[in-house]
Amino acid sequence: MVVFEDILIRILNIFYGASIFFLIAVGLNLIYGVMKLVNLAHTALFAFGAYIVAGTLMKILAGFVELPVGFLIVIPPIAAGLTVLAVSGAISPLLTYAARKSEDVQLILTFGLLLIFEDMFRGLWGPVPVVSNEAYMRSGMFSLGGSQYPLYNIYVMIFVGGMVIALWLFLHKTRVGMLFRATSMDIEMTSALGADVRKVIIGAILIAGLLAGLGGGLYVPAASATLGMSIEYLVYAFVIIVIGGLGSFVGSLIGSFIVSALRTLSLAFFPELELALLYVVAIAILLIKPEGLGGGKGW
Amino acid sequence: MRKWGGILERVSRRQFLKGLIGGLVAGGIIGAGITYVAAPEALRREITGQPSPQPGPFTPVLSRPLKMGIQTFFRGGGAVLGEPIYRGAVLAAEEINEAGGILGRKIEWVARDEGTAEESVREYRKLVEEDKIDFYVGITSSGNTPAIGPVAEELGMITLFADGCTDFLFEQAIKNPKFVFRITNIQSADGIAAAIGAIKYLDLMKKDKIRVAHIHPDYAYGRNAHAHISIVLEKVLGKDRVEFVYEGWPGLFRVTDFSPYITEIMANKPDIVATSLWGGDFVNFYKQALGYGLFSRTKLVTTLSHGAKPQATGPDYPDGNVAGVHANYYFLYPHPETYPINKSFVERYYKRWNEYPNFEAEGAYVCVYLYKNAVELASKLRGGGWPEVDEIIAALEGMTIYGPAGPLHIRARQPNKHQGYKDAIIGISKSDPNYGFSILVDPLVIPISRITVPEGWDGTPDPKAGTLAYSWIRATWKEGVLPI
């Protein structure tokens, strides 16, 4: 017997999953757009954000007086975002170097970077998953008919919804945003017209890092920071950019949403086929519309 | 004749003599070297003129220390379960050394990583061939014992598996083991114990209908737990009363966001949720499930909720759920106040490693003491001196040892020869402010003979579930009767 609240909860889960995916996918697409580089290390930055919050920040804050929930759900993710922004700045020379090389070199360089990050996580925070659920637990839950739903997830969805709007406004209503879009569409022409595309590239790397770190920081209270998280999300990110199209803002949205929906629904009806289903759909998209469902539209 | 003469003529007599003498000298040196290296101790002492020690029951027979090889997960999702193997073995070795060693020989140890099957076999070979260990304690993962077992038999190394409890090992991979032994209870006992715990603690016999949801990590252990929990529930409660409403199979340590699974489970309104999720997976799962209010609607029946490091199950873990410890040891049973061996073990382990021991630690600890006991017995039976490998094996077979968990017996006959058997524990979770984490209380002690295939049973493994236990339950358990 299918109950209304069950359907609603599934829909909420789809939006929640899509929110996390979006923060990862849009950064990946931003970097690809301006540099034409598929940065496989991007999900490691997401994991970094998760580790910074769970492994370091929350341990420091735990020593203080009991902080209000509002503080806990906002400040740590922002701090993670800023930290990862700095880390992206640090690795940007490597990314700009890779962008000039052929695709196979890019693959090896960026994937190698991901593996280095994973080893660094193990060295800094140990081999065991790092848990810090205070923000999640203290946010509480609300009732939906006979069921319950965690309020923290709702908060994440609202937060990311705000980010979607903010990013869209940035890209379409500001001069700097226009520069980003122009650089994605035609970097030579944009440079010829006098824009400093190097700054745009660095900007893209930094913003992508900020969003990834933010994503990790938002995600971790509801889960944990684990080794292999980078790879877990890289697998999803791959399918998202195939389905949504590379270098596209709209594609990031579409891809995130579809992958989250496929995942949630396959777990409902064919639990064992989850990943297989995702990749079957990805292959189908590649065959039917290789530029992706949102691709070709640019930003 | 002419041919021979021809050869001799080409070589002058002087050259021939030089060659002959040179060859004899070289041969003599090489021969002596080979003899020295390959010679038994006694001969070597004669050559170098060292006095040979007089044999006796407990006098040092070899001055060379004993080398123990340890292999387990030191990193990754398995480390929370596996590293205690190292800690338990080292604690035992240190205690034994403190007391004078095994027949006077001190134990040294070298540790290597466990990983995938290929990696683990490679590291195992290094332990035996490069590090030259005398005996081996290790392995957490059931994926690795069937890979390493045949190699251990090939290399002739006494190998005491502290876990890697898959039924497959002695039922199919090495049916007639000589060098390989396993100390922790066989894997099928795990799911069976959890199901029995569910029936007893949650009073399932009295319900008309029981809706069961499953969520297990998608690998051999999860599949095994799923199969045996299901068949026990069906046999004891009756197929018409039990309804399996959902099955989730997340990859092992591959998922951090369980919310879709949790939502699906709850949508199917189960009475119980059976799970063999463990380690990081289990912590993620239960913390997220708390957010969805899973625990106010259903009860969790676990094989391993309290079996990883005891303190990993936080004080927020809800009370009243069936708490599994992999059908093995829990640090509070037998209660340290009533059983000195456990008291000493828990106290020393906590002092040494600053945490409470899990069943892997206890298993590895017992492995080392089992080896010690077997060596001492074999030595006594042969009238003194260090026993041969065959004699140690003969002493191990059929041996019973009292470890921190209570008595453990090593089976000497088929089926499952060389498998260890000790009574299984299952319990109920309760948050304890004294400890600061959720502990297992009201332990139900299940006599191991009730839930494992007995010696002499001659069935075949079930083709689908892959274990003898499954066939045995199907063939011999009475419908509607709890076997304890």
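A residue is taken as buried if 20 or more other C-beta atoms lie within 10 Å of its own. By this criterion, buried residues make up 53% of the 299 residues of chain A in the structure examined here, which is a predicted model.

Among contacts in chain A with a separation of 6 or more, 80% are made by residues 24 or more positions apart.

The secondary structure of chain A consists of twelve helices and two strands. Along the sequence these elements follow the pattern α-α-α-α-α-β-β-α-α-α-α-α-α-α.

In chain B, five strands form an open sheet with the order S2-S1-S3-S4-S5 and parallel pairing. Strand S2 (107–113) and strand S5 (180–182) of chain B are the edge strands, each pairing on one side only. On average, and with direction ignored, neighbouring strands of this sheet are turned by 20° against each other. Strand S4 (residues 159–161) of chain B runs parallel to S5(B), and three bridges join the two. Within this pairing, Phe161(B) has Arg182(B) in S5(B) as its bridge partner. Helix H13 (residues 359–381) of chain B packs on the sheet, where it touches strand S3 (135–138) and S4 of chain B. The direction of helix H13 of chain B makes about 160° with that of S3(B).

Conventions
Residues are numbered from 1 along each chain as its sequence is written. Chains are lettered from A and ligands numbered from 1 in the order in which they are written. This is a predicted model: local features need pLDDT of at least 70, side-chain atom pairs count only at pLDDT 80 or more; totals for chains, interfaces and linings use all residues. Two strands pair if DSSP finds at least two bridges between them. Helices (H or I, at least four residues) and strands (E, at least two) are DSSP runs, numbered from the N terminus. Axes are lines fitted to C-alpha atoms, for helices over the stretch in contact, and angles run from 0 to 180 degrees between N-to-C directions. Two residues are in contact if their C-beta atoms, placed from the backbone, lie within 7 Å. A residue is buried if 20 or more other C-beta atoms lie within 10 Å of its own, exposed if 12 or fewer, and partly exposed in between; C-beta atoms are placed from the backbone.
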